[in-house]
Amino acid sequence: DAKRKGKNQIGFFKKDIEQDTIRKLKLRSELEQAVSNKEFIIYYQPYVDKDKNIVGMEALMRWKKGNKILLPSEFIEELEEGQYIVDAEDLIIDNVLDDISELGLSFPVSVNLSIKSLFRKDLAQRLISKLTQRKAKSKINIDISHNILNIEIIERSFLENFEYVRNLIENLRKFNVFFSIDDFGTGYSSLSYLSKLKVNFVKIDISFVRNLSDKDTKNVTNAIIALSKSLNIKTIAEGVETVEQFETLKSMGCDYYQGFLFYKPMPKSELLKVLNS
Ligand code: C2E
Ligand code: MG
Ligand code: MG
Ligand code: MG
């Protein structure tokens, strides 16, 4: 009886794996289509200063699949497995630059760059030419001496090749591109890296913000803010959902705040209303 049961179980797992493989293959071919049809769109999430003024925003990728809007958690891993992520992020950057000139934005807009995009050999050249072309074309005179593009990188990327990332940052800084370290504190990198990379922002990961009532978490968060301040790096807290979190972070001297307490990610049409109100 036990033998029979075991066999059934193996059969069950096998079916599971098969279905998972089929699902992935389907998703992959749909993503291939999505890239060529440019089905990736941007939701914008503003972040604010301690007085709740909007001081910047983040461009977050969404997949407009028919009449559904899919979150990155539903597709980004698959997209990153192929080369498609590079094309999708290229599209996001172009659309962000279009939106900046169309809306006449004067604050930086962040884009999240995957490791694949970050390490493409021609990234700096492409970005510089995009920025210079915009400047020439733009009616509202987007000045590349204004820091309008902010690149969010994850800690894992500079563990992969520290020298490359350090050089990229130094190079693009000359063109007034900002850099942020995303999800800070979740990787295994030493804090000493921070002093060796000339980034402009550190984004304190949501996992810290959620657990500020825990004494150790609070101490670490305090240390991240203090260290950043001493290095002249601005801190942005991610995922601020409650007034209590906001107050605690303010008392620690955090510079900026991003989260549902202030704004949720929204399509451009909604952002327009927010900016005009
Ligand atoms: P992230 O870069 O850390 O972006 C912040 C995420 O936190 C966003 O999720 C945002 O909607 C969510 N968030 C903001 N405020 C709150 C809050 O108060 N509470 C909670 N619970 N969540 C909040 P989203 O848009 O689903 O994106 C998830 C992740 O997908 C991003 O995390 C980023 O790692 C990745 N992603 C998004 N767009 C891109 C992209 O263009 N390229 C790459 N490589 N990754 C992207
Ligand atoms: Mg981000
Ligand atoms: Mg983040
Ligand atoms: Mg995050």
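You're looking at a predicted model, where local features need pLDDT of at least 70, side-chain atom pairs count only at pLDDT 80 or more, and totals for chains, interfaces and linings use all residues. Side-chain values use heavy atoms, leaving out hydrogens and water, residues are numbered from 1 along each chain as its sequence is written, and chains are lettered from A and ligands numbered from 1 in the order in which they are written.

Now step back to α11, residues 243-252. Helices (H or I, at least four residues) and strands (E, at least two) are DSSP runs, numbered from the N terminus. Color Gln245, Phe246, Thr248, Leu249 and Met252, the helix's buried residues. Their arc around the axis, taken from the directions from the helix axis to the C-beta atoms, is only 165°, so they sit on the same side of α11. (Buried is under 20% relative accessible area, exposed over 50%, partly exposed in between, with a 1.4 Å probe and protein chains only.)

Next, select the magnesium ion (ligand 3). Asp182 (OD), Asp183 (OD) and Glu238 (OE) coordinate this ion at 1.7 to 2.3 Å. Donors are N, O and S atoms within 2.8 Å of the metal (3.2 Å for Na, K and Ca); water is not among the atoms, so sites may look incomplete. Click Asp183 in strand β6, then Glu238 in the loop between β8 and α11: they are 55 residues apart. Asp183 is partly exposed at 24%, while Glu238 is buried at 10%.

Last stop: Asp182, which bridges ligand 3 and the magnesium ion (ligand 2), 3.6 Å apart.
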